[in-house]
Amino acid sequence: MLSLRWTRIALILAFLALVAGLSAAVWRQAYVQALEPLEARGQADLALASDRLLAQLQRYREFAVLMADHPVLAQLHRGGSQAAASQVLLEAADKTSTLTAFYADPTGRVLASSSGVAPDGLTQGAYFKRAVNGALGAAQGSTAGFAQRTYSFAAPAFGPDGRVRGVLVAVVDIDDLEEDWRGSQPTVFFTLRNGQIFVTNRSELLSAQLLNERVLALPDGRRESAAVRSVAGYSIFAQSWSPYVPARALLLSADLPVIDMMGYAMINVTPALRLAQLQAAVAAAVCLFFGALLWLATERRRTLAAANLVLEDRVAARTQALEAANTDLRREIQERQEAEAALKRAQADLVQAGKLSALGEMSAGISHELNQPLMAIRSFAENGSAFLERDDTDRVAKNLLRISDMARRMGRIIKNLRAFARQESEPVTRVDLGAVIQNAIELTEAKLNAAGVDLAFAPLPVPVWVRGGDVRLTQVFVNLISNASDAMEGQEVRKLTIEVEAGAALAVHVRDTGPGLSDAARIFDPFYSTKSVGSSEGLGLGLSISYGLVQSFGGTIKGANAPEGGAVFTVVLERWAEEDVA
């Protein structure tokens, strides 16, 4: 038993050592791969910084060459005004941000100066000697008698005989060039041939001297060493003496012979390190995860083999219990399906009962509406018979036309009653909203006339199609119109207004001048009614049925009190779209 334990420990340690080695290999490979694009981007940044410096200095170089042949300066050799020449140099220097510009003869005597500075020992400068010899001279450092860092260009001015008769010196303030560089990324600096840092975007590096790639002499006399490590051919520079310079950086260099300097860029390798560490951590986590899974699988196999018999017994018992529960569940599902079918039948019966109840309430008015045309038909028929005996065919024809109109009116009333009374079970289809409202008005016309209700409704000029059922939607508006008529009983002003509002959806507003709603939140509850107890005018199911019907069409219905008094019910219905056919 003890031997088995030590064997397991040895296997675990060997596996951990293998994971550590694999993670180290992944880290190095990922680090090297991340350094490659980092070096390419760094070389591009260094080239961009070098081109920027060269372009800025090139502007002053061209300034020196162009100003050397200025006519005002040429007049100085023929007794021209020194003040005028100095003013020309001052204006040109201001426009080009040149620190100073002066014009001297080959002996070093300054003939004109933009700043009034006449440096001594001018002829000792190599750049001035080069200009006297007919070539363009350049010098970096504290030249021309200025204490700050400057870069000077000396351009020769040739006389009519082809000899150099003067030299124009343009002095550039390096601080002005660096103004836009400060704090930019990455760290870039340019050194003179002796290693002194002359231009940089990190002010703490100014005037420091790079003795070699490992030692930097700071302006205060300190010498700071940096660890330089080679990784797959890349030089990684590590330092701790400045918080503004990357602690670990890829050191890149480029020779700039045009300005006699060396350019350096320090590219921060922290992102590459983080990426390599992340990939190594992921590799280690994957190895540990699958190793743990393998270990657990081995242990579980041993444990499962011992517990297999007990588990089989438990599975058998559980299977038996599940079969019993499944039987009970099937029986419960069947009972619920039967209950749902019974509920649907009850709802359909309730809707039909609501329609028959509404027909019962309207029966007296409908009888009156049918009795009037019948009596008129009888009267017109008797009159027509009398006119026929008198051979008055014109009057007979008129009476027959009136009898036909009366019969057509009775047929329309009976057709609406039959359509309203039938039990509609068809799915949602296309319904003309204007025709539905007109049918509802015709069904309730007798009741409205008997109650003295003034109806305001403008028929729709064109068919407006909505999603619904013809009979069911008619029942909704019959219920709303009947309720509004009942609510206005006893009111001095009894006016019912029906308006159709067209938009993305269609809204129908049914507004009355009754007392309003006492409890708008409960008006759609079943058996809720504002009528007196024992009233034969309804059971409080009309609005509840209407609410369910409108929702089945995908619409909404709500009731509220109108600001000017009375109640207003709004039915919102969806427009019929052609794709609804599918």
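**Entry 1: Ser-50.** The model I am reading is a predicted one. I then placed Ser-50 in helix α1, which covers residues 2–68. Is Ser-50 buried or exposed? I found a relative accessible area of 4%; Ser-50 is therefore buried, since buried means under 20%. Setting aside neighbours within four places in sequence, I noted that Ser-50 is in contact with Phe-190 and Leu-256.

**Entry 2: The whole protein.** I recorded ten helices and 21 strands. Of the 582 residues, 39% are buried. The protein exposes about 33,000 Å², and carbon and sulfur atoms supply 55% of that area. For contacts between residues at least 6 apart in sequence, I noted that 60% join residues at least 24 apart.

**Entry 3: A sheet of five strands.** I traced an open sheet with mixed pairing, in the order β16-β18-β19-β21-β20. Which strands stand at its edges? They are β16 (454–457) and β20 (556–561). Each has a single partner strand, so one side of each is left without a neighbour in the sheet. From one strand to the next, the twist averages 15°.

Strands β19 (residues 506–511) and β21 (residues 567–573) run antiparallel and are joined by six bridges. In this pair, Ala-507 stands opposite Val-572 of β21.

Finally, I looked up what packs on the sheet. Helix α9 (residues 470–487) does so, touching β18 (495–502), β19, β20 and β21. The direction of helix α9 makes about 170° with that of β21.

How values were computed:
Residues numbered from 1 in each chain as written. Predicted model: local features only at pLDDT ≥ 70, side-chain atom pairs only at ≥ 80, totals over all residues. Heavy atoms only, no water. Helix = DSSP H or I, 4+ residues; strand = E, 2+ residues; numbered from the N terminus. Buried < 20%, exposed > 50% of the residue type's maximum accessible area, 1.4 Å probe, protein only. Contact = heavy atoms within 4.5 Å. Areas by Shrake-Rupley, 256 points an atom, 1.4 Å probe, with all protein chains shown as cover. Pairing = 2+ DSSP bridges. Axes fitted to C-alpha atoms, helices over the stretch in contact; angles between N-to-C directions.
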